[in-house]
Amino acid sequence: MNRSIFSLNQAHYGGFWRRLCAYLIDVLLMALPIGLLLSWLLDPALAEPGEVDFQRAESLYGLVFWWLYFSLLQSSSWQATLGKKLLGMKVTDAQGRRLSFVRASVRYLASLLSGALLMLGFLMIPFNRKKRGLHDFIAGTQVIRNR
């Protein structure tokens, strides 16, 4: 029997509150470095004539940074962001395998949809057996707890 499938039969899934705490840890750990990096890359003094353009650029760079942060870490050997790693979780595909960068990217983009739908995509997590959100269903992923 395939070992990853066997371990999934006994898997403990990452629930809503644990996943929320992991996300908050990610935000706390990364918000300051992101803000400093964006301030350095996009010197506000250069943006005075078109403040709106600076805000758009800052939002775009922030979106790209978070996409790379989530997608690269979840497709890495860690299979988790810093917050998920600290709380003993990892993201896998439906068979318990490591995500490709493309699948991790789809999951990130789908998480934006989960949030845009009045957070309903995240609020699905406690109400299904495998604790999956809309973004997990779209990307074919799940969050499991490490032993």
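This is a predicted model: local features need pLDDT of at least 70, side-chain atom pairs count only at pLDDT 80 or more; totals for chains, interfaces and linings use all residues.
Start with Phe 65 and Tyr 69, whose rings are stacked, with 6.4 Å from centre to centre and 10° between the planes. Both residues belong to helix 3, and because they are four residues apart there, about one helical turn separates them.

Now move along to Trp 67 and Phe 101, a tilted pair with centres 5.7 Å apart and planes at 55°. Here Trp 67 comes from helix 3 and Phe 101 from helix 5, so this pair ties together parts that lie 34 residues apart in sequence. Both partners are partly exposed, Trp 67 with a relative accessible area of 27% and Phe 101 with 31%.

Step back and you will find Phe 65 and Tyr 69 again in one aromatic cluster, together with Tyr 23, Trp 66, Phe 70 and Tyr 108. Elsewhere, a ring meets a charge: the charged end of Arg 132 sits over the ring of Phe 137, 4.4 Å from its centre.

Finally, let us visit the largest pocket, which holds about 590 Å³ of space. It is lined by 22 residues, and those closest to its centre are Tyr 23, Phe 70, Ser 111, Phe 122 and His 135. Helix 2 (16–41), helix 3 (51–74), helix 5 (101–116) and helix 6 (120–123) each give two or more residues to this lining. Sorted by class, the lining has 14 nonpolar residues, with four polar and four charged ones beside them.

Technical notes
Residues are numbered from 1 along each chain as its sequence is written. Side-chain values use heavy atoms; hydrogens and water are left out. On a 1 Å grid over the protein atoms alone, a cavity is a set of points where a 1.4 Å probe fits but cannot get out, and a pocket is an open set with protein on both sides within 12 Å along at least five of seven lines; lining residues have an atom within 4 Å of a point. Grid points are joined across faces, edges and corners, and a volume is the space filled by probe spheres set on the points. Ala, Val, Leu, Ile, Met, Phe, Trp, Tyr, Cys and Pro count as nonpolar, Asp, Glu, Lys and Arg as charged, and the others, Gly among them, as polar. Rings of Phe, Tyr and Trp (its six-membered ring) pair if their centres lie within 6.5 Å; planes under 30 degrees apart count as stacked, over 60 as edge-to-face and the rest as tilted. Buried means under 20% relative accessible area, exposed over 50%, partly exposed in between (1.4 Å probe, protein chains only). A charge sits over a ring if NZ of Lys or CZ of Arg is within 6 Å of the ring centre and within 35 degrees of the ring normal.
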